[in-house]
Amino acid sequence: MIAAISWIPKGVAKSVPAEAEPPSKEEIEEILKSSLLDKREDSDDEEAEEEMHVDESKENEDDEVAHALAAADALGKATQVACVGADDIADGLKELDMDNYDEEEDGIELFGSGLKDLYYASNDLDPYLKDKDNDSEEDDDMIIRPDDSVIVCASNEDDVSQLEIMILEDPSDGEINMYVQRAIIIPAFPLCTAWLDCPIKGGERGNFIAVGSMEPAIEIWDIDIIDEVQPSVILGGIADIKKKGKKKSIKYKKDSHTDSVLGLSWNKEYRNILASASADHSVKVWDVTTEACNLTMKDHTDKVQSVAWNPFAPQILLSGSFDHTVCLKDGRKPAHSGFKFSVAADVESLAWDPHSEHSFVVSLENGTVTSFDIRAASSDSTSETKPTFTIHAHDKATSSLSFNPLVPNLLATGSTDKTVKLWDLTNNQPSCITSSNPKAGAVFSVSFSDDCPFMLAIGGSKGKLQLWDISSEDALLKKYEKYVAQKNRSSPPKS
């Protein structure tokens with residue numbers, strides 16, 4: 001399955017990713033320590049399982065012995081075992097003639113007669129080098145061109161969790177060509193991602209992906225490095241696990257989450273700031289350069305599923321929870337209780353309207369999508385803020401939302417009912433423009449590209465990334481023709 005999708009802005013990724021440097025002694029020790037912790041946790045679980053089945057095993061043991069004895073009687077009381085004697089071994093060594101092993105027989109050349117048989121002026125002349133064209137194609141696939149789009153998919157298949165780096169070649173000629181360039185194996189089931197360009201390793205700009213998973217740690221990986229075995233940064237996580245009898249004691253790193261990380265949001269204005277939402281009911285604000293938690297907020301009474309920074313007012317943070325509330329907080333006033341918005345079910349996803357600084361939408365587990373205007377919010381807990389609108393978008397959970405970056409009032413929704421829908425929210429009177437079943441299975445993530453705004457990436461339970469070119473939809477073309485024409489005029493001709 002694909003749990004999360006992140007588009008990387010064009011021109012950010014290195015044209016040829018660098019090779020990872022071998023891990024240092026300290027990094028190797030950290031890797032070994034982490035794997036020991038995992039093994040210790042697994043062995044504890046296995047022991048518990050064994051204790052559950054031990055009585056059943058004892059009951060079956062007598063029957064197994066009885067069957068074995070019966071089988072022995074049927075085959076004969078005594079079984080003859082063939083033994084290899086000393087004479088047999090001596091005969092074998094004699095046949096090998098080990099004393100004369102190094103002496104070559106006349107007329108036999110094992111390695112040729114000289115350098116001329118081993119050296120060729122070019123690889124093309126060497127008959128022993130196969131698939132030279134394939135090697136060239138593989139090298140070409142590793143090159144990221146300026147007009148290529150890069151997509152990172154957080155996925156899991158057959159208990160292997162990974163970040164797939166996908167390359168989408170410029171689709172301006174109408175054809176979509178996409179392929180997996182490489183994959184980064186990660187240690188835990190991924191749940192959310194956030195791209196960030198904070199120069200963690202120095203320079204003016206980086207290219208990193210933050211990953212939240214079933215573990216309490218947040219890992220930040222460098223996308224410009226191939227074959228990296230360790231993330232560049234780890235925020236929080238487990239420090240140690242101790243077992244006393246049947247009880248297990250877990251020690252967490254300072255200010256770490258203590259449960260799964262369900263949501264992430266990078267602050268584009270304050271580029272070193274990352275917000276995280278967790279099943280431990282908290283929201284944390286991290287400085288990725290110092291690897292420290294600057295702020296912990298506990299405004300919810302259940303799992304916090306999603307967080308989102310306001311793109312117009314970068315100090316304002318939204319968080320949505322399973323406690324059926326959305327909380328708006330100002331990071332400059334963490335002691336303030338903030339503003340609460342009540343919703344009808346568990347929150348699945350949040351999104352600020354990129355064309356209106358006061359509006360956001362929230363999708364819910366019951367399939368609805370609700371919009372709020374924050375100017376109507378009140379800090380009085382006894383008065384509820386009325387939504388701008390509510391739509392019954394899907395028959396099952398509306399798991400993901402994405403506003404179009406170019407076209408105002410155009411919203412995409414994805415659902416576990418296996419459909420993706422496009423909505424026109426003009427004048428706060430939403431209407432469905434079109435609907436699609438992208439063959440992705442239950443949909444967990446939808447995301448518009450900033451560089452190709454009519455391209456919608458879709459990930460779901462089938463584990464294969466789908467792309468929907470919405471500009472090919474007649475209903476959308478009719479409604480937003482001027483934006484499609486505007487985008488086509490701004491696209492450079494393909495060389």
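Mentor: Strands here are DSSP runs of E with at least two residues, helices are runs of H or I with at least four residues, and both are numbered from the N terminus. Before we go on: this is a predicted model, where local features need pLDDT of at least 70, side-chain atom pairs count only at pLDDT 80 or more, and totals for chains, interfaces and linings use all residues. Residues are numbered from 1 along each chain as its sequence is written, and side-chain values use heavy atoms, with hydrogens and water left out.

Trainee: Thanks. Is Asn404 buried or exposed?

Mentor: Asn404 is buried, because its relative accessible area is 0%. The cut-offs are under 20% relative accessible area for buried, over 50% for exposed and partly exposed in between, using a 1.4 Å probe and protein chains only.

Trainee: Which loop holds Ser379?

Mentor: Ser379 is in the loop between β23 (368-373) and β24 (389-392). Ser379 counts as partly exposed because its relative accessibility is 47%. The C-alpha of Ser379 is 5.1 Å from that of Phe339, although the two are 40 residues apart along the chain.

Trainee: What about Asp451, where is that one?

Mentor: Asp451 belongs to the loop between β29 (443-448) and β30 (455-460). With a relative accessible area of 27%, Asp451 is partly exposed. Asp451 and Trp7 are 444 residues apart along the chain, yet 9.1 Å separates their C-alpha atoms.

Trainee: On to charges. How many salt bridges does the count come to?

Mentor: The count comes to 8 salt bridges, where a side-chain nitrogen of Lys or Arg must be within 4 Å of a carboxyl oxygen of Asp or Glu. One of them joins Arg271 to Asp197, with the closest N and O atoms 2.9 Å apart. This pair links distant parts of the chain, 74 residues apart: Arg271 is in the loop between β13 (261-266) and β14 (273-278), and Asp197 in the loop between β6 (190-196) and β7 (208-213).

Trainee: Why does Asp197 count as buried?

Mentor: Because Asp197 has 7% relative accessibility, whereas Arg271 has 29% and counts as partly exposed. Asp197, Arg205 and Arg271 are linked in a network of salt bridges.

Trainee: Which residue does Asp222 meet in a salt bridge?

Mentor: Asp222 meets Lys201, at 3.0 Å from N to O. This pair also links distant parts of the chain, with Asp222 in strand β8 (residues 218-222) and Lys201 in the loop between β6 and β7, 21 residues apart. Asp222 counts as buried at 9% relative accessibility.

Trainee: Last topic, the aromatics. How many aromatic pairs are there?

Mentor: The count is 6 aromatic pairs. Rings of Phe, Tyr and Trp (its six-membered ring) pair if their centres lie within 6.5 Å; planes under 30 degrees apart are stacked, over 60 edge-to-face and the rest tilted. Trp352 and Phe360 make an edge-to-face pair, 5.7 Å centre to centre with 65° between the planes. Both Trp352 and Phe360 are buried.

Trainee: Which residues do ring pairs link into a cluster?

Mentor: That cluster is made of Phe341, Trp352, Phe360 and Phe372.
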